[in-house]
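Open the model in a viewer and keep the selection panel at hand. The stops below say what to select and what is there.

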Amino acid sequence: MLRFVVRRILLLIPVLVGLAVLLFIWVRALPGDPAKALLGEKGTAAAVARLNAQYGFDQPVQVQFIKYVGQLARGNFGSSAVTGEPVLPTFFERFPATIELATAALIFAVVVGIPLGYLAARRAGGALDLFMVSGSLLGTVIPVFVLAYLLKVVFAVGLPGHIGGFKLSSLAFLPASGRQDVAIDATHITNFYILDGLITREWDSAANAAVHLILPAIALGSIPLAIVVRMTRASVIDVLGEDYVRTANAKGLAKSLITRRHVLRNALLPVITTIGLQTGALLSGAVLTESVFAFNGIGSYLFNAIGSLDYSVLQGFILIIALVYSLVNLIVDLLYGIIDPRIRTS
């Protein structure tokens with residue numbers, strides 16, 4: 001097992017080095033002058049030249065690359081050209097919000113998706129299966145930001161009009177933006193608002209933060225939910241057709257035992273891999289979701305950095321997200337090896 005873990009960790013090194021190089025090339029290839037983007041249309045030629053010189057934008061690309069590699073080697077991700085704040089502390093200041101949102105979205109996708117996928121597989125070809133497949137297909141084609149706006153309008157802002165005697169505005173009972181109500185006087189220790197509320201026993205604070213997560217988590221978790229449903233359905237159908245499941249049924253074993261020991265254990269292997277891959281998609285999808293709900297995480301910060309061509313923030317944030325994504329996939333690989341020992345020795 002130790003060799004398996006070490007081999008997986010060593011594989012991360014060339015991946016991250018390659019990504020750092022590609023990021024540098026991609027950021028420099030973006031259209032526009034970073035100094036002009038930062039200063040806006042009112043920036044004078046002298047101010048643009050001064051800013052270019054201050055951040056080294058006027059130097060040859062190869063010189064910028066050498067400085068970039070040297071900074072990374074020292075663990076220095078640079079400073080934002082907009083705020084002047086160092087990238088790394090800014091990232092970790094905002095990262096708890098994004099992790100909180102991505103975790104809630106992932107829990108929503110897994111807790112709802114696996115049972116739905118299993119039910120669809122058990123009733124393959126029936127009306128419920130058709131409904132699940134159609135719903136999951138719809139979930140994968142609706143863009144996250146469109147669903148986010150719809151949820152916000154219906155459940156936070158409120159629709160005008162009536163249906164029968166029911167006022168549509170009655171559906172608007174959830175908060176429209178932010179991580180917590182301004183009136184909440186909360187103590188923040190870790191910057192994970194729900195966790196902080198539980199640690200300090202400020203139950204109102206934890207509950208208020210949880211309520212603010214509902215709409216963003218549903219919007220962000222919609223695509224992973226659809227994928228988990230489809231993957232679970234397909235995997236369970238495959239396993240149900242295996243000889244060892246038919247043998248277990250022929251022996252008269254209890255259905256619950258067959259489901260737990262033979263079906264779910266084997267069917268969940270590809271689902272776990274899918275969940276790991278979706279974690280990266282959640283982090284990238286958070287960019288748009290956080291912008292719609294004014295959720296103060298790395299997504300909204302990165303969104304603003306793209307508009308202002310803030311090179312250091314773009315490079316630093318995306319590289320750290322990739323590192324987190326790689327670590328999540330490492331954990332998935334390790335789980336895979338634990339569930340199926342044949343993978344460790346292959």
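## Pockets and a helix pair

Start in the second largest pocket of this predicted model, where α6 gives the most to the lining, with 6 residues. Select α5 (87-122), α6 (127-141) and α9 (203-240), each of which supplies at least two lining residues. The space here is about 270 Å³. Of the 15 residues that line this pocket, show Gly-135, Ser-136, Gly-139, Ser-222 and Leu-225, which lie nearest its centre. Colour the lining by class: 11 residues are nonpolar, 4 are polar and none is charged.

Next, go to the largest pocket, with about 420 Å³ of space. Its lining has 21 residues, and those closest to the centre are Arg-28, Tyr-55, Lys-67, Gln-71 and Ser-312. Select α3 (45-55), α4 (61-73) and α13 (311-339) to see the elements that give two or more residues to this lining. By class, the lining of the largest pocket divides into 8 nonpolar, 11 polar and 2 charged residues.

For the last stop, select helix α10 (residues 243-250) and helix α11 (residues 255-292). How do their axes lie? They come within 11 Å and cross at roughly 175°. An angle over 145 degrees counts as roughly antiparallel, and α10 and α11 are therefore roughly antiparallel to each other. Now show the side chains at the contact: Tyr-244, Val-245, Ala-248 and Asn-249 in α10 meet Ile-258, His-262, Val-263 and Asn-266 in α11. This contact has 5 nonpolar, 3 polar and no charged residues.

Key. Residues numbered from 1 in each chain as written. Predicted model: local features only at pLDDT ≥ 70, side-chain atom pairs only at ≥ 80, totals over all residues. Heavy atoms only, no water. Axes fitted to C-alpha atoms, helices over the stretch in contact; angles between N-to-C directions. Helix = DSSP H or I, 4+ residues; strand = E, 2+ residues; numbered from the N terminus. Parallel < 35°, antiparallel > 145°, perpendicular 65-115°, else oblique. Contact = heavy atoms within 4.5 Å. Nonpolar A, V, L, I, M, F, W, Y, C, P; charged D, E, K, R; others polar. 1 Å grid on protein atoms, 1.4 Å probe; cavity = no way out; pocket = protein on both sides within 12 Å on 5 of 7 lines; lining within 4 Å. Points joined across faces, edges and corners; volume = space filled by probe spheres on them.
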